[in-house]
Every structure is written in C-alpha cells, then in structure tokens.
Amino acid sequence: MAVWALGINHTTAPLDLRGRFAFAVDQIPHTLQGLRQSFGGQRHPEVEAALISTCNRTEIYCAGSRTALDHTVGWLAETGGVTPSLLRSHAYTLENDEVARHAFRVASGLDSMVLGEAQILGQMKDAVRAAESAGALGTTLNQLFQRSFAVAKEVRSSTEIGAHSISMAAAAVRLAGQLFEDLSQIRILFVGAGEMIELAATHFAAKNPKSIAIANRTLERGEKLSSRFGGEVMRLADLPSRLHEFDAVISCTASTLPLIGLGAVERALKLRRHRPMFMVDLAVPRDIEPEVKALEDVYLYTVDDLASVVQTGQANRQAAVAQAEAIIDAGVQSFLHWMDQRSAVPLIQQLNQQAEAWREAELARARKLLARGDDPEAVLQAMAKGLTQKMLHGAMAELHAGDAHSRERASQAIQHFFLRKER
C-alpha cells in the first residue's frame with residue numbers, strides 16, 4: 001500500500017484561499033464519497049481517504065495500491081474552483097514516511113499556529129469518525145491515525161510542549177485588553193455556538209464583562225451555551241439591528257457567506273457615536289466582510305492576524321520541541337515497520353491456507369484408517385510422516401533441480417528456515 005497526503009495551512013495559503021477549501025463536519029462524508037468515486041477511472045477502486053478541515057488547515061490523507069497525488073490535487077482544485085497550478089503553489093504534498101511524520105506532528109500540536117495546542121487532536125478524531133461513517137477509512141489509514149493519537153498522547157505526557165500554550169481565545173482576550181481599559185465594563189456578542197465560541201466565551205467570561213449574548217442559527221443550542229455564562233440568546237436575523245449594542249463581537253460559524261457586512265457595521269458605528277468596536281473573526285470562510293477592517297473605529301482581527309499574539313512566549317517551549325520530535329521519529333519508524341509487515345500479509349495468508357489444506361488432508365486420511373480398524377499408533381506415524389513429506393516436498397524438489405545456481409539458493413534457504421539454531 002502507498003500513503004499520500006495533500007494539504008494547505010496557515011503557513012502556506014492565505015485566509016481567503018483556505019476559505020475555498022473549508023468543509024463543515026457534516027459535509028465530510030459526502031465529500032469523501034465524491035473523492036473515492038473520482039478514482040474509479042484511475043484503477044484505484046480501493047482508495048482509503050480522510051479529510052481534516054479546520055480554520056487553519058485542510059488536509060486529505062489517502063492510501064491505495066499506488067500513489068495518485070496528481071489526481072488528488074486536480075480533484076481538490078476543481079472542488080474549490082481554482083486551477084491545479086494555483087493550488088499546488090500553496091499546497092504541500094507528502095508520500096509514505098512523510099505522511100506519517102506530518103500526521104504525528106499535526107496531532108501533537110507541532111504544526112499548529114499555537115505550538116502545542118490541544119484542539120487539533122479533537123478535530124482529527126472528529127475527522128476519523130467522519131471518514132469511518134463514510135466507509136472511507138480502511139486498515140492503513142486507521143492505523144496511521146490511531147498511531148498519531150498515541151504519539152500525541154506521549155508527547156503531551158512526556159514533554160512540556162503545551163505547558164505555556166496560548167489559545168486563540170486567550171489571544172483574543174489579550175487583544176481586547178489592549179483596546180479596552182476594563183473588560184468588566186464591556187458588552188460582548190458571540191456569533192455561533194460551536195467549540196471555538198465556547199472556548200472564547202469561557203475566556204471572556206472569566207473577565208466578568210457587563211453582559212454576554214449568544215447569536216446562533218438554532219436558539220436551542222445558543223440557549224444551552226448562554227445559560228452557562230448567564231447571558232442572553234438572540235437570533236441571527238436580529239444581529240444587524242442589535243449590533244450597535246456590543247463593544248466586542250467574536251464570530252465563528254460554518255456559514256459559507258459573511259454574516260456581518262460592511263453596511264451593518266457602518267450603521268452600528270453611527271448609532272454608537274463612533275465608540276470603538278473590537279471584532280474577531282475566527283471563521284474560515286470569513287463571517288465578517290474584510291472591508292470592515294478599513295473602518296476607522298473598528299479593530300477587526302482574523303485567525304491569521306492573531307498569529308503574532310499566539311507566538312509570544314514560544315521561545316520558552318522550543319526546548320521541548322526536540323524531545324517531541326524524537327518521540328515522533330520513533331513513531332514514524334514503528335509505522336513504517338508495520339507497513340513493511342503488511343506487504344507480507346498475502347504471502348502469510350497463502351502459507352497458512354496451504355498448511356491448513358495439508359493438515360485437513362492428513363486428518364481425513366487418518367480418520368479413514370482408524371474407522372477401518374488400523375492400529376492407532378501406526379495411523380499416527382503415517383499422519384506425521386505424511387505431513388512431514390508435504391512440508392519438505394518443495395525444498396527437496398529444489399535441491400534436486402538441475403540448475404546449480406538454483407540448488408545453491410535452495411541450500412541457503414533450507415539452512416536458514418529449517419536448520420538454523422533457535423535464536
């Protein structure tokens with residue numbers, strides 16, 4: 001089996017390009033089915049596939065009888081509505097051991113914008129469950145990801161790689177603190193009710209803001225989250241008319257189009273008499289139109305803008321990176337060894353089937369002799385002799401071959417498999 005991967009992330013592709021390749025979790029099974037079906041004419045009927053899509057990365061992992069990176073690049077480019085050459089200029093392509101190393105580094109938080117962050121591990125597990133539900137995850141990729149999780153666990157338990165991790169949510173709080181003198185005096189609106197918003201709300205709630213509101217497409221989910229923080233819930237449809245009430249807006253939804261437009265923000269600023277607004281757009285694709293950033297009284301940050309904030313203090317963690325990389329190296333070698341062993345599986349199966357056929361044949365013969373009344377000891381001797389002859393027949397035939405080179409090869413093999421001393 002060959003393993004290959006294709007991806008773009010926060011270091012290789014700009015935010016708007018990443019937005020073209022963002023897939024919601026509920027889209028992944030259908031997307032994977034489309035990818036696997038696309039291999040039909042490429043003689044890759046048994047391709048395994050998994051898709052990871054977060055605000056910072058989109059990655060496709062595949063396993064099959066032969067590497068098909070060009071086809072995978074072409075398929076993803078078409079899905080995102082760009083040319084293969086444009087995608088390649090911002091993507092990374094990996095094969096075999098490179099795939100394992102990359103997956104292990106991603107799971108361990110070494111490839112994240114926030115060094116050592118733990119959220120990506122949960123996102124990878126969600127991606128694996130989605131691939132399983134789509135019937136796209138086979139033995140090879142399942143083994144790759146399970147080993148990724150094991151390596152990540154060892155890295156987190158054996159090193160301090162995540163000890164000083166600054167999350168995106170904590171970075172947003174830090175930036176807000178630079179704009180507002182007292183965070184306890186501001187009103188905050190969270191748009192969405194997913195994991196990232198929950199994390200952000202937790203960090204901001206610790207500063208005891210004046211009020212918290214959750215705007216979400218479904219009120220039930222919004223109410224569940226707002227009740228944790230003593231906040232109110234509102235419909236997305238009410239957002240334009242109430243935007244002016246809030247000093248800070250944190251948004252992260254799965255919407256494919258912006259929810260907060262330039263006009264809405266301009267009207268809000270007018271009603272606020274141009275008091276400043278702090279806005280964070282953690283969504284990919286964007287929730288807030290990029291033109292908003294140009295407004296004089298708005299401080300808008302995207303996931304990429306937070307990069308410099310979350311890098312603060314990373315020097316303190318670099319000492320742990322080398323230790324983590326050593327753990328990953330060992331994990332890669334273990335996975336490659338497993339892959340090598342997998343190549344021998346068909347031969348092992350054939351050998352076991354042949355041995356089973358010999359055993360059944362000799363047992364059937366022995367049962368007939370016993371039923372006829374032959375001496376049990378003689379029957380056992382005959383069965384043992386029959387099995388021995390069957391096992392040695394191939395070796396003996398090779399030793400009696402006319403070709404001297406074949407006899408020499410057979411002699412070495414027989415000495416190795418039959419005459420070596422126990423190790």
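User: In this predicted model, are Arg57 and Asp111 buried or exposed?

Analyst: A residue counts as buried when its relative accessible area is under 20%. In this predicted model, both Arg57 and Asp111 fall in the buried class. Their side chains also meet in a salt bridge, with 2.8 Å from N to O. Since Arg57 belongs to strand 3 (residues 57-64) while Asp111 sits in the loop between helix 5 (97-107) and helix 6 (119-133), the pair ties together parts that are 54 residues apart in sequence.

User: Which residue forms a salt bridge with Arg101?

Analyst: The criterion for such a pair is a side-chain nitrogen of Lys or Arg within 4 Å of a carboxyl oxygen of Asp or Glu. The partner of Arg101 is Asp329, and their closest N and O atoms are 2.3 Å apart.

User: Where do Arg105 and Glu325 lie?

Analyst: Arg105 lies in helix 5 and Glu325 in helix 14, so their pairing ties together parts that are 220 residues apart in sequence. The closest N and O atoms of this salt bridge are 3.0 Å apart.

User: Which residues are linked with Arg105 in a network of salt bridges?

Analyst: Individual pairs can be read as parts of a network. Here Arg105 is linked with Arg57, Glu59, Asp111 and Glu325, and the count for the protein comes to 20 salt bridges. The protein has 45 positive and 48 negative side chains, and the centres of these two sets lie 3 Å apart.

User: How many helices and strands does the protein have, and why is it described as more spread out than a compact globule?

Analyst: The protein has 17 helices and 10 strands. Its radius of gyration is 31 Å, which is well over the 22 Å given by the globule rule for 423 residues, and it is therefore more spread out than a compact globule. Along the principal axes, the C-alpha trace spans about 105 × 45 × 45 Å.

User: What share of the residues is buried, and what share of the contacts comes from residues 24 or more positions apart?

Analyst: Buried residues make up 44% of the 423 residues. Among contacts with a separation of 6 or more, 71% are between residues 24 or more positions apart. The protein exposes about 21900 Å², of which carbon and sulfur atoms supply 51%.

Definitions and conventions
Residues are numbered from 1 along each chain as its sequence is written. This is a predicted model: local features need pLDDT of at least 70, side-chain atom pairs count only at pLDDT 80 or more; totals for chains, interfaces and linings use all residues. Side-chain values use heavy atoms; hydrogens and water are left out. Helices (H or I, at least four residues) and strands (E, at least two) are DSSP runs, numbered from the N terminus. The radius of gyration is taken over C-alpha atoms; the globule rule is 2.2 Å times the number of residues to the power 0.38. Buried means under 20% relative accessible area, exposed over 50%, partly exposed in between (1.4 Å probe, protein chains only). Contact means heavy atoms within 4.5 Å. Accessible areas come from the Shrake-Rupley method with a 1.4 Å probe; for residues, only the protein chains shown count as cover. Lys and Arg count as positive and Asp and Glu as negative; His and the chain ends are not counted. The place of a charge is taken as NZ of Lys, CZ of Arg, CG of Asp or CD of Glu.
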